[in-house]
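Thank you all for coming. I would like to walk through one structure with you this morning, beginning with the surroundings of the ligand and then turning to the aromatic rings and the backbone.

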Amino acid sequence: MCVEKVAESSTNPEPIPKENVTESQESHLNGKKLKKFYIGSIDQGTTSTRFIIFDGLGQPVAQHQVEFTQKYPESGWHEHDPKEIVTSVRECIEKAAKSFVDQGHDILDIKAIGVTNQRETIVVWDTNTGEPLYNAIAWPDTRTKGLVRELKSQMGADKLQEICGLPLSTYPSSVKLIWLLRNVKQVRKAYDEGRLSFGTIDTWLLYHLNGGSAKNVHVTDATNASRTMFMNLWTVQYDDGLLRFFGLDREKIRLPKIVPSSCPDSFGAMASGLLKGIRITGCLGDQSAALVGQQGFSPGSAKNTYGTGCFLLYNVGEKPVISKHGLLATIAYDFGRSRKPVYALEGSIAVAGSGVKFLMDNLGFITHPHKISELAATVDHNGGCVFVTAFSGLFAPYWIDDAKGTIFGITQHTKRGHIARATLEATCFQTKAILDAMELDSGHKLAELAVDGGMSNSNLCMQTQANIIGIPADRPAMRETTSLGAAIAAGFAVDIWKEFDELKEINRKDRMIFRPNISKEESAKMFKRWRRAVEMCRGWLDADEYDGDF
Ligand code: ADP
């Protein structure tokens, strides 16, 4: 292992006592000097929800996290109960706020709340009643494979990416909505009668936290909107041509208003609970939030978040770069006021931590995700095994819809440890393929990769990552960077911070740097084998074997 700091740092450092607030935590709000301030952050992820209250140094002071139900009603389908998601958010807010008060803090010192969320996942509801008309269809869901094939052959399909930055695949919100309109009677009826509301998870949460139909807040931020395929990346507004391509009539569907990610007056305020009245002033899709939380503010900086899936965002500045090498173009963040939106190239990997969970839940290899490193360390290498974890096809930079998870190289000697290693390596190899594509698209080679997310807790995985990409992986001690990013967006809107420079001290302490410790030749040999495995995954299913087949 080649790390600069050896001890594994805690993700939940001790709270800083109130009296220890330093000069650097002082800031200004509406011209008044503030001694103490806190910002709440709702992080609604794919498998769990959390609410964290940060102090001015970006340290968590109080937090609560709950897992919620994952529904897999058919092979390839992945749903969430929209009401359970709202309940999970409320529970996290109330429990964290109570702990905050129990520590002697004052709720009035919480100056704003930010929201960050799993992206692409959609909810549809009845505009009149606020009742959801179907479960939320989650981003990894692949029920739309057949529909995507059909849309790809439609005139204009080849022009979509230049407008919205995303290629047609099962991943964006658009195809999920079209599937609902074609297959769920009550959704179609609501659309025909002009009472269908559509939203990504941020929109659904903001609607409810503001009091539902009583206030009818219906907004989204530019980062979330840029994942729908309905937004023009250049104008940061809905695009009639895109909506026409998907056959949507704007008279019949209520789309959320697109606003900047940091905004003092568009996201409303908490309508109930312990934080009633506190303004919501930040909103970012989770990967954008992580980029902000890692302070990837300058063009050329990048971060990789190893959560359920794994997402690499590379800041390209104030103009979008449309990828020619299998990456997505997206809004990185939009801090509004006089600032222009900032764009990113993105490499999305569908399976990362969910591969670890698969070994735990489906194969019983481990009893907790953190045990994966121990199991992988029982062997020195992968023993020739390469695991293409294509449970929902392969995303960037390959975009193979018909691949299925495949383990190559199994012999009589293969042990669980080899499979565990191969599972961790799969995400690291895809990250390498994404970085290669980014280099081709941007013309720049990355010097260092900032990392975070659940799976980045594994030192073994991060060392493997550094070895495979040949550059250092830089991991913060406080790894709740997604939540921190939403808090930063919220803080900017209420003038806690005005310039990115003021954030310099935040979350810099005790970072751990993993440096490559194998030769370039060895690394290239491993990657070559991975590339061969990906090629061998193609075309596993015949065209007539698509939906529902296993
Ligand atoms: P999300 O926000 O997508 O729900 P998180 O960032 O919370 O994801 O990460 C959760 C994922 O990280 C889980 O899928 C889990 O398997 C994986 N994970 C958590 N801890 C570890 C660990 N120590 N080693 C490897 N994987 C881990």
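This is a predicted model: local features need pLDDT of at least 70, side-chain atom pairs count only at pLDDT 80 or more; totals for chains, interfaces and linings use all residues.

Looking at individual atoms, a polar side-chain atom of threonine 308 lies 2.7 Å from an oxygen atom of the ligand, while glycine 353 places a backbone N or O atom 2.9 Å from a ligand oxygen atom. Methionine 455 also takes part through its backbone, with an N or O atom 3.5 Å from an oxygen atom of the ligand.

Let me step back to the whole chain for a moment. The protein has 15 helices and 25 strands, and its C-alpha atoms fill a box of roughly 65 × 60 × 45 Å along the principal axes. The radius of gyration is 22 Å, which agrees with the value near 24 Å that a compact globule of 550 residues would have. Of those 550 residues, 62% are buried.

Now to the rings. A pair of aromatic rings is described by the distance of the centres and the angle of the planes. The structure holds 28 such aromatic pairs, and I will take two of them. In the pair of phenylalanine 335 and phenylalanine 500, the centres are 5.5 Å apart and the planes stand at 65°, and because an angle over 60 degrees counts as edge-to-face, that is how this pair is classed. The two partners are 165 residues apart and so link distant parts of the chain, since phenylalanine 335 lies in the loop between strand E19 (328-333) and strand E20 (342-349), and phenylalanine 500 in the loop between helix H14 (481-493) and strand E25 (512-514).

Which residues do ring pairs link into a cluster? They are Phe37, Phe297, Tyr333, Phe335, Phe492, Trp497 and Phe500. Rings also meet charges: arginine 143 lies over the face of tryptophan 77, 3.8 Å from the ring centre, and the charged end of arginine 119 sits over the ring of phenylalanine 311, 5.2 Å from its centre.

I will finish with the backbone. Most residues other than glycine have a negative phi, and most peptide bonds are trans. Against that background, the peptide bond from alanine 396 to proline 397 is cis, with omega near -5°, and proline 397 belongs to the loop between strand E21 (386-388) and strand E22 (406-408). Aspartate 495 has a positive phi of about 65° and lies in the loop between H14 and E25. Asparagine 507 also has a positive phi, near 55°, and is placed in the loop between H14 and E25, where asparagine 507 is buried at 5% relative accessible area.

Methods:
Residues are numbered from 1 along each chain as its sequence is written. Side-chain values use heavy atoms; hydrogens and water are left out. Rings of Phe, Tyr and Trp (its six-membered ring) pair if their centres lie within 6.5 Å; planes under 30 degrees apart count as stacked, over 60 as edge-to-face and the rest as tilted. Helices (H or I, at least four residues) and strands (E, at least two) are DSSP runs, numbered from the N terminus. A charge sits over a ring if NZ of Lys or CZ of Arg is within 6 Å of the ring centre and within 35 degrees of the ring normal. A polar contact is a pair of N or O atoms within 3.5 Å; within protein, one must be able to donate a hydrogen and the other to accept it, and residues adjacent in sequence count only if both atoms are side-chain atoms. Buried means under 20% relative accessible area, exposed over 50%, partly exposed in between (1.4 Å probe, protein chains only). The radius of gyration is taken over C-alpha atoms; the globule rule is 2.2 Å times the number of residues to the power 0.38.
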